[in-house]
Amino acid sequence: MSLRENSPANSSVTGVLFESDADTADGALSADISQLKKAEKREFKLVWRNIILLSLVHLVGLYGVYLFLFHAKWPTRLFTIILYWMGTVAATAGAHRLWSHRSYKAKWPLRALLVFFNLTTFHFSCFHWARDHRVHHKYADTDDDPHNSSRGFFFAHVGWLLIEKPSNVVARGKSLDLSDLYADRILMFEHKYYFKLVTLLGFVLPTIIPMYMWNESFINTFCVAVVLRLAIVLNAQWSINSVAHMFGTRPYDKNINPTQTVGVSIVCLGEGWHNYHHAFPWDYRAAEWGGSSLNLAAAFIEFFAKIGWAYDLKTVSPEMIERRVKRTGDGNPIDAMPTDHELSPMPQSLLLDESHFHYKQLQL
Ligand SMILES: [Zn+2]
Ligand SMILES: [Zn+2]
């Protein structure tokens, strides 16, 4: 009998969050989670404000596609792409790999940069993001998961944002240890002033800059650089919860819903290797390999490790990965390593010693 099975508090946990949560030597839980992944029949309270706002974002965003293709000036297009990259890197390298999973450490200039990037796009403060994401991993694909993919594609993609957050999900968020997040003053500053800051950096400035810098029209800059960009960033991020929990292979763990999805990795800078990520969430690469064109977030972290702003990057040993693949993989081949350029291994001095991994004793 495992410790986890004996503990009522952990009876609905379906995923590891940090390496210390693992029960087995290959980083997994010992409990059978197949019965826990489900969606019970429930009534949800719709939040009409969100339904109307997100509908408008998508309608105006569609018009923005037309303007982007046929009317916007080249600097506006480039500006939109740069802002998309900034918002996405903030979510992937910042809110996700740094703050949700503590997969590496960052000095204050990098944390400030990531918060600044995050404020260019409206997808919650990094604190809010990280808290919900920790709940997602711990209770993945159950009713305690904010975007439970067992409830279907639409719910996992956007439906969860159109309803009042269920009280059980709120309670799970409150039950987590978030002391590391509360201790980060840059994170708390962003969280405290989030709506004022995101209004300025995500909406007002991206509208004004193209108008004053290269004489773009208001309609082009607002519909393209603000609304279309927001729609694309949000849908790309949401696709991790929907597409990468439903479609693709499960070479690392066939017992969990998350999958390997190359398309999601392209639009989300390396977040589509989601079966690996849920198997080993503390790995800064969120994939079996590091920085490449299919994992630009890892390349971003590695660049800052080389200049000293990121350190203690955590990885998983090839032996542990192999053990896990053999024990729980679905038999599909591991995706080929990108060949677009030579992958240079991270210097050992920048990586955290792998001996940090300690799993719980199974036997009482
Ligand atoms: Zn996930
Ligand atoms: Zn994650």
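Because the model is predicted, local features are reported only at pLDDT of at least 70 and side-chain atom pairs only at pLDDT 80 or more, whereas totals for chains, interfaces and linings use all residues. Residues are numbered from 1 along each chain as its sequence is written, and chains are lettered from A, with ligands numbered from 1, in the order in which they are written.

The protein contains 15 helices and two strands, where helices (H or I, at least four residues) and strands (E, at least two) are DSSP runs numbered from the N terminus. Of its 364 residues, 46% count as buried; a residue is buried if 20 or more other C-beta atoms lie within 10 Å of its own, exposed if 12 or fewer, and partly exposed in between, with C-beta atoms placed from the backbone. Two residues are taken to be in contact if their C-beta atoms, placed from the backbone, lie within 7 Å, and among the contacts with a separation of 6 or more, 73% join residues 24 or more positions apart.

A nonpolar core is defined as a set of buried Ala, Val, Leu, Ile, Met, Phe, Trp, Tyr and Cys residues joined through C-beta atoms within 7 Å. The largest such core has 68 residues, and those with the most contacts inside it are Val89, Cys126, Ala297, Ile301 and Ala310. At least two residues of this core come from each of α2 (48-70), α3 (74-100), α4 (108-118), α5 (126-138), α11 (218-241), α13 (274-279), α14 (296-306) and α15 (318-328), and α11 gives the most, with 13 residues. For Ile301, once neighbours within four places in sequence are set aside, the contacts are Ala93, Arg97, Tyr104, Tyr284, Ala310 and Leu313. A second, separate core comprises 11 residues, among them Leu17, Ala22, Leu29 and Tyr139.

The α3 side of the contact includes Phe79, Leu83 and Gly87, and the α11 side includes Val224, Leu228 and Ile232. By class, this contact of α3 with α11 has 10 nonpolar, seven polar and one charged residues, where Ala, Val, Leu, Ile, Met, Phe, Trp, Tyr, Cys and Pro count as nonpolar, Asp, Glu, Lys and Arg as charged, and the others, Gly among them, as polar.

The packing of α3 with α4 has an angle of about 130° and axes 8 Å apart, and the two helices are therefore oblique to each other, with a left-handed crossing. Met86, Gly87, Val89, Ala90, Ala93, Gly94, Ala95 and Leu98 of α3 meet Leu114, Phe117 and Asn118 of α4, a set that divides into eight nonpolar, three polar and no charged residues.

The axes of α5 and α9 come within 8 Å and cross at roughly 105°, so α5 is roughly perpendicular to α9. This contact is formed by Cys126, Phe127 and His128 of α5 together with Leu187, Met188, Glu190 and His191 of α9, and its residues divide into four nonpolar, two polar and one charged. Glu190, in helix α9 (residues 185-192), is buried, with 23 other C-beta atoms within 10 Å. Its C-alpha atom is separated by 7.7 Å from that of Cys126, 64 residues apart along the chain. Leaving aside neighbours within four places in sequence, Glu190 is in contact with Val115, Asn118, Leu119, Ser125, Cys126 and Leu197.

Two loop residues other than glycine have positive phi values. Phe124, in the loop between α4 and α5, has a phi of about 75° and is partly exposed, with 18 other C-beta atoms within 10 Å. Ala286, in the loop between α13 and α14, has a phi near 50°, and with 30 C-beta neighbours inside 10 Å it counts as buried.

Key. Axes are lines fitted to C-alpha atoms, for helices over the stretch in contact, and angles run from 0 to 180 degrees between N-to-C directions. Angles under 35 degrees count as roughly parallel, over 145 as roughly antiparallel, 65 to 115 as roughly perpendicular and the rest as oblique. A crossing is left-handed if the near helix is turned anticlockwise from the far one by less than a right angle, and right-handed if clockwise.
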